[in-house]
Amino acid sequence: MAELFLDVVALDVDARRILADPTLGSVDEIHFATVMGPRADGVATGFVTREQRQADAARAEGFEAL
């Protein structure tokens, strides 16, 4: 049986605002939550996506969308 690892992270105010965006779906929200935490800690992050909707939202938040 495979092991499951789960990490719980606190979301900052910016992440909560992004997750409230009605144009983003649940997978989009997980993608954003993944990069918002490190950015809040001062880590330079990019945003890699194949979806235009995610890229637009990422750019609006100041990420370099690739």
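Mentor: Gladly! Keep in mind that this is a predicted model. Let us begin with Thr49, which touches His31, Gln54, Ala55 and Leu66, leaving out residues up to four places away in sequence.

Trainee: What makes these "touches"?

Mentor: The word is used when heavy atoms lie within 4.5 Å, and Thr49 meets that with His31, Gln54, Ala55 and Leu66.

Trainee: Where does Thr49 lie?

Mentor: Thr49 sits in the loop between β1 (46-47) and α3 (52-60).

Trainee: Is Thr49 buried or exposed, and how do you know?

Mentor: Buried means under 20% relative accessible area. Thr49 has 15%, so it counts as buried.

Trainee: Why is the link between the side chains of Thr49 and Gln54 called a polar contact?

Mentor: A polar contact needs a pair of N or O atoms within 3.5 Å, one able to donate a hydrogen and the other to accept it. The side chains of Thr49 and Gln54 are joined at 2.4 Å, so the distance is within the limit. The side chain of Thr49 also reaches the backbone nitrogen of Glu51, at 3.0 Å.

Trainee: Let me move on to α3. Which residues of α3 are buried?

Mentor: In α3, the buried residues are Gln54, Ala55, Ala57 and Ala58.

Trainee: What makes you say that the buried residues line one face of α3?

Mentor: Looking down the axis of α3, they fall within an arc of 165 degrees, so they share one face of the helix. On the face of α3 turned away from the buried side you find the exposed residues Gln52 and Ala60.

Trainee: Which residues form the largest nonpolar core?

Mentor: That core has 11 residues, including Ile18, Leu24, Phe32, Phe47, Ala55 and Phe63. Both α2 (26-40) and α3 supply at least two residues each. Ala55 touches Thr49 and Ala65, not counting residues up to four places away in sequence.

Trainee: Why is the pair of rings from Phe47 and Phe63 called tilted?

Mentor: The structure holds 1 aromatic pair. The ring centres of Phe47 and Phe63 are 6.0 Å apart and their planes stand at 50 degrees, so the pair is tilted. To pair, the centres must lie within 6.5 Å; under 30 degrees would be stacked and over 60 edge-to-face. This pair links distant parts of the chain, with Phe47 in strand β1 and Phe63 in the loop between α3 and β2 (64-65), 16 residues apart.

Trainee: What makes Pro38 "partly exposed"?

Mentor: Pro38 has a relative accessible area of 30%. Buried is under 20% and exposed is over 50%, so a value in between is partly exposed. Pro38 lies in helix α2 and, leaving aside neighbours within four places in sequence, is in contact with Val43 and Thr45.

Trainee: How many helices and strands does the protein have?

Mentor: There are 3 helices and 2 strands, running α-α-β-α-β from the N terminus. Of the 66 residues in the protein, 24% are buried.

Definitions and conventions:
Residues are numbered from 1 along each chain as its sequence is written. This is a predicted model: local features need pLDDT of at least 70, side-chain atom pairs count only at pLDDT 80 or more; totals for chains, interfaces and linings use all residues. Side-chain values use heavy atoms; hydrogens and water are left out. Helices (H or I, at least four residues) and strands (E, at least two) are DSSP runs, numbered from the N terminus. Buried means under 20% relative accessible area, exposed over 50%, partly exposed in between (1.4 Å probe, protein chains only). A nonpolar core is a set of buried Ala, Val, Leu, Ile, Met, Phe, Trp, Tyr and Cys residues joined through side-chain atoms within 4.5 Å. The arc is that of the directions from the helix axis to the C-beta atoms.
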